Amino acid sequence: MILAKLAYKSLLNRRASVLLTLFTIAISVMLLLSIERVRIDAKSSFSNTISGTDLIVGARTGDIQLLLSSVFRIGHTNNGVSWKSYEYITSQRGVKWSIPISLGDSHKGQAVLGTTLDYFSHYRFAKKQNLTFNKGQPFAAINEVVLGSEVANKLGYKLNDSIVISHGMGNTSFHHHDDNPFKVVGILNSTGTPVDKTLHIPLAAIDLIHGGKASLEHEHDDLVGHPKQITAFLMGFKSPLYTLQIRRNINQYKPEALLGIMPTVTLKELWEMLAIVEKILLLFSAVVVLISLLGMLTTLLANLSQRRRELAILRSVGARPWHLFTLISIESLLTTLLGCLAGSVLYYLAIFSAGGYLQSHAGISVNITILSYYELGLIGVIMVAGFIIGLIPATRAYFYSLSDGMSIKA
């Protein structure tokens, strides 16, 4: 207890350098915990880009290709799903809801998605969060459009503005539908998903403008229309038991080659393909901690050279080499402990402050919870590493010789 009290007073006496070391450790702990939390929650949020959807059905391609085209708007499928097949499959027992989607058009590089009002009722993201409106409401007429938040912010659109969509995805447009402008009636809140980069129009509008309709101005009654084909559709079931049964029936569907995928499973497979990102984050975390510990070692060794007189006085009043060894070890342990505590506080402040930004701009839903056993284990590793680092200057203090003016004869 005497040595612990002496170590505490010694730290107070050198508070400037100690605070600098403590701050370095605190920052590294904060970064480590933050990176780990973002890494874990990024994986979870990636898996929840689309949530609450049991099946995605499209033309028979590959699981990941269908997921990328229908959910992330990346790439495209050469074939679609006939409306007749859509109606037949969604009329099966156990189907709770369905959302048809039609892709293939764009506006200034942003994807245009044709769908029905069920999209705003049943589409879920993150942890089954529903889509909400920042301004306006869902489309109620065939020439109305609902914008994702990023589309509205990036292109500066507001309610009642008129826009013209083009045929072709991304920045490659083959034809502009100038004769059929759409009026902005709604802007969605940010979700951090591809929904933010999407323009949503009635499914019937896709069918009519591609069918050469001269004007959509008076076509207000039917928002579904009579499409011959759609890109894909999403399905939700009354019970998980129906999912596997209907998925098997879809994959064996004879009238046309279709594929049903479970998005949660396919998202997991896609994340495993991107595992290199996870490894880079882990490596970055380890480097941050290593640099902070090396900084602490440098500070301790520099302070040790400046403390020769102090340690000599301690030896002169009866302190033994092992007393000095223990004193230096306790100081490094206390510094590491205080740094970890400060870093944990900074971690919560950082997560609390950046949580909303990460959700809206990166689609990462960050959970603010007490430290998990895994995170406590990381702090424990830092504590042990800090203690081991402290043994280096402690050992030097123990073996100081007479030529250093540090020791006296017993």
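In which sense do strand 1 (residues 55–59) and strand 16 pair, and over how many bridges? The two strands pair in the antiparallel sense, over four bridges. The description that follows concerns a predicted model.

Strand 16 comprises residues 258–261, and both of its faces are covered. Leu-258 and Gly-260 are buried on one side, while Leu-259 and Ile-261 are buried on the other.

In helix 3, the residues Leu-66, Leu-67, Ser-69 and Ser-70 are buried.

## Strands 3, 4 and 13

Strand 4 has strand pairings with strand 3 and with strand 13. Strand 3 and strand 4 run antiparallel and are joined by four bridges; in this pairing, Asp-105 has Val-112 of strand 4 as its bridge partner. Strand 4 and strand 13, by contrast, pair in the parallel sense over five bridges, and Gly-114 stands opposite Ile-201 of strand 13. Strand 4 is mostly covered, with six of its six residues buried.

Thr-198 is located in strand 13 (residues 198–202). Thr-198 is buried, because its relative accessible area is 0%, under the 20% cut-off. The side chain of Thr-198 reaches the backbone oxygen of Pro-194 at 2.7 Å. With neighbours within four places in sequence left aside, Thr-198 is in contact with Arg-73, Ala-111, Leu-113, Val-146, Leu-147, Gly-148 and Val-151.

## Two loop residues with positive phi

Most residues other than glycine have a negative phi. Lys-108 is not a glycine, yet its phi is positive, at about 50°. Lys-108 lies in the loop between strand 3 (95–107) and strand 4 (110–115). These strands form a hairpin with two residues between them. Lys-108 counts as exposed, at 57% relative accessibility.

Asn-160 likewise has a positive phi, of about 75°, although Asn-160 is not a glycine. Its place is the loop between helix 6 (149–155) and strand 9 (162–163). At 54% relative accessibility, Asn-160 counts as exposed.

## Salt bridges

How many salt bridges are counted in the model? The count comes to two. In one of them, Glu-375 is joined to Arg-37, with the closest N and O atoms 2.9 Å apart. Glu-375 lies in helix 13 (residues 373–398) and Arg-37 in helix 2, so the pair ties together parts that are 338 residues apart in sequence. Glu-375 counts as buried at 1% relative accessibility, and Arg-37 counts as buried at 8%.

A salt bridge also forms between the side chains of Asp-161 and Lys-158, at 3.8 Å from N to O. Asp-161 is buried, with a relative accessible area of 18%.

## Phe-46 in helix 2

Helix 2 (residues 15–47) also contains Phe-46. Is Phe-46 buried or exposed? Phe-46 is buried, since its relative accessible area is 15%, which is under the 20% cut-off. Apart from neighbours within four places in sequence, Phe-46 is in contact with Phe-72, Leu-267, Leu-270, Trp-271 and Leu-274.

Phe-46 and Thr-193 are 147 residues apart in sequence, while their C-alpha atoms are 9.0 Å apart in space.

## A nonpolar surface patch

Leu-274, one of the contacts of Phe-46, also takes part in a nonpolar surface patch. This patch covers about 480 Å² and is made by Met-273, Leu-274, Ile-276, Val-277 and Ile-280. Which element gives the most to the nonpolar patch? Helix 10 (residues 275–306) does, with three residues.

Ile-280 is located in helix 10. Ile-280 is exposed, because its relative accessible area is 52%, over the 50% cut-off.

Note on methods
Residues numbered from 1 in each chain as written. Predicted model: local features only at pLDDT ≥ 70, side-chain atom pairs only at ≥ 80, totals over all residues. Heavy atoms only, no water. Buried < 20%, exposed > 50% of the residue type's maximum accessible area, 1.4 Å probe, protein only. Contact = heavy atoms within 4.5 Å. Patch = residues over 30% accessible without salt bridge, like charges linked within 9 Å, V, L, I, M, F, W, Y side chains within 5 Å. Areas by Shrake-Rupley, 256 points an atom, 1.4 Å probe, with all protein chains shown as cover. Salt bridge = Lys/Arg side-chain N within 4 Å of Asp/Glu carboxyl O. Polar contact = N/O pair within 3.5 Å; in protein donor to acceptor, adjacent residues only side chain to side chain. Pairing = 2+ DSSP bridges.
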